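Trainee: Could you walk me through how to read a few features in this model? I'd like the general idea each time, and then the case at hand.

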Amino acid sequence: IVELFIERVDWEIAQESCDRKNGWLVTINSSIENKLVFNMAWMRDKRYTAWIGLNALKKQGDFRWIEFADQETNLSKPVYTKWGRGEPNKLRTEKCTEMNRLAEWNNFPCQSISSRNPKYVCQYEIEQSLPCAVNNLSASECNKIKNVSRFHFYPNHIMGGMNQDTD
């Protein structure tokens, strides 16, 4: 299950927010998933970028998915990427990843809090009950959607933080 949050925070705070809900910043493994995340992120506002879970925090230039950060496995290596032209660059200072207006990825400083990145996308295990509860789904409705696919999107549900941009 993936969920969009409109809140101007840096990458690490976004990941901590996802983690508090037993999730992580989204992992994208195919062009279809990239399009789905892009469509969800840009449904409300097309002006800004969104944080995703790809990062090079452990080793310079070695981008891995945060979903598998605690595991010594090749699962953390991306099987699909959608880097924009010339990306990734500035590997010493830009260790986190945002998705831009073209559905392309750009590495960017993790501690950046700017008007360009007020969104992030969390991903949860399908068994998590939070997205079902937040979307007012009954237990039987929630059970119906389980095991349908790796991603379940709730396009009408967009969570907002206290720093919501409303212009």
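Trainee: Let's start with aspartate 10: which backbone nitrogen lies 2.7 Å from a polar atom of its side chain?

Mentor: A polar contact is a pair of N or O atoms within 3.5 Å; within protein, one must be able to donate a hydrogen and the other to accept it, and residues adjacent in sequence count only if both atoms are side-chain atoms. Here the backbone nitrogen belongs to isoleucine 13. A side-chain oxygen of aspartate 10 also lies 3.1 Å from the backbone nitrogen of glutamate 12, and in this way aspartate 10 caps the N-terminal end of α1. Before we go on: this is a predicted model, where local features need pLDDT of at least 70 and side-chain atom pairs count only at pLDDT 80 or more, while totals for chains, interfaces and linings use all residues. Residues are numbered from 1 along each chain as its sequence is written, and side-chain values use heavy atoms, with hydrogens and water left out.

Trainee: Where is aspartate 10 placed, and what does it touch beyond its sequence neighbours?

Mentor: Helices (H or I, at least four residues) and strands (E, at least two) are DSSP runs, numbered from the N terminus. Aspartate 10 sits in the loop between β1 (2-6) and α1. Contact means heavy atoms within 4.5 Å, and with neighbours within four places in sequence set aside, aspartate 10 is in contact with Trp51, Cys110, Gln111, Ser112 and Ile113.

Trainee: Is aspartate 10 buried or exposed?

Mentor: Buried means under 20% relative accessible area, exposed over 50%, partly exposed in between (1.4 Å probe, protein chains only). Aspartate 10 is buried yet has no salt bridge. The nearest side chain of opposite charge is arginine 20, 9.9 Å away; for charge, Lys and Arg count as positive and Asp and Glu as negative, with His and the chain ends not counted.

Trainee: How many salt bridges does the structure hold, then?

Mentor: Side chains of opposite charge can pair when their charged atoms come close. The cut-off is a side-chain nitrogen of Lys or Arg within 4 Å of a carboxyl oxygen of Asp or Glu. The structure holds 1 such bridge: arginine 64 with aspartate 62, the closest N and O atoms being 3.2 Å apart. Arginine 64 is partly exposed at 24% relative accessibility, and so is aspartate 62 at 26%.

Trainee: Back to α1: which of its residues are buried?

Mentor: Trp11, Ala14, Gln15, Ser17 and Cys18. They cover an arc of only 155 degrees around the axis, so they lie on the same side of α1; the arc is that of the directions from the helix axis to the C-beta atoms. Their cover includes β2 (23-25), β3 (50-55), β5 and β7. After α1 comes asparagine 22, with a positive phi near 60 degrees.

Trainee: How many disulfides does a search of the whole structure find?

Mentor: Look for a pair of cysteine sulfur atoms within 2.5 Å. The search finds 2. In one, the sulfur atoms of cysteine 18 and cysteine 122 are 1.9 Å apart. This pair links distant parts of the chain, 104 residues apart: cysteine 18 is in helix α1 (residues 11-20) and cysteine 122 in strand β7 (residues 119-124). The link is left-handed, with -85 degrees about the S-S bond.

Trainee: And what about cysteine 96 and cysteine 110?

Mentor: They form a disulfide too, their sulfur atoms 1.9 Å apart. The torsion about the S-S bond is about 95 degrees, so this disulfide is right-handed. Cysteine 96 is buried at 0% relative accessible area, and cysteine 110 is buried at 3%.
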